[in-house]
Amino acid sequence: MERTLILIGEMGGAGGVVFGLFFYLFKSTFKQMIEPLSKSIDCLSFNVDAQTSVIKEQKQKL
């Protein structure tokens, strides 16, 4: 039982090191990928808000 727990702990530690190294090395790449997506979402939100306000104005005119 003790050996199993040690093995699980070692595997968890190794996995943590691998993921930590991966995210450390590719942090800037993820940031470059997410930044344009964030700008697109902001632009889309602005367009939806503008269309909603135009629809409300048209509804009031009717």
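Biologist: What share of the 62 residues in the protein is buried?

Modeller: Buried residues make up 0% of the 62. Buried means under 20% relative accessible area, exposed means over 50%, and partly exposed lies in between (1.4 Å probe, protein chains only). This is a predicted model, where local features need pLDDT of at least 70, side-chain atom pairs need 80 or more, and totals for chains, interfaces and linings use all residues. Residues are numbered from 1 along each chain as its sequence is written, and side-chain values use heavy atoms, without hydrogens and water.

Biologist: Why does F22 count as partly exposed?

Modeller: F22 has 37% relative accessibility, so it counts as partly exposed.

Biologist: And why does F23 count as partly exposed?

Modeller: The value for F23 is 44%, so F23 is partly exposed too.

Biologist: How many aromatic pairs are there?

Modeller: The count is 1 aromatic pair. F22 and F23 form it, edge-to-face, at 5.5 Å centre to centre and 70 degrees between the planes.

Biologist: What makes a pair edge-to-face?

Modeller: Rings of Phe, Tyr and Trp (its six-membered ring) pair if their centres lie within 6.5 Å. Planes over 60 degrees apart count as edge-to-face, under 30 as stacked, the rest as tilted.

Biologist: What radius of gyration does the protein have, against a compact globule of 62 residues?

Modeller: The protein has 25 Å, but such a globule would have near 11 Å. The radius is taken over C-alpha atoms, and the globule rule is 2.2 Å times the number of residues to the power 0.38.

Biologist: What does the C-alpha trace span along its principal axes?

Modeller: About 75 × 30 × 5 Å.
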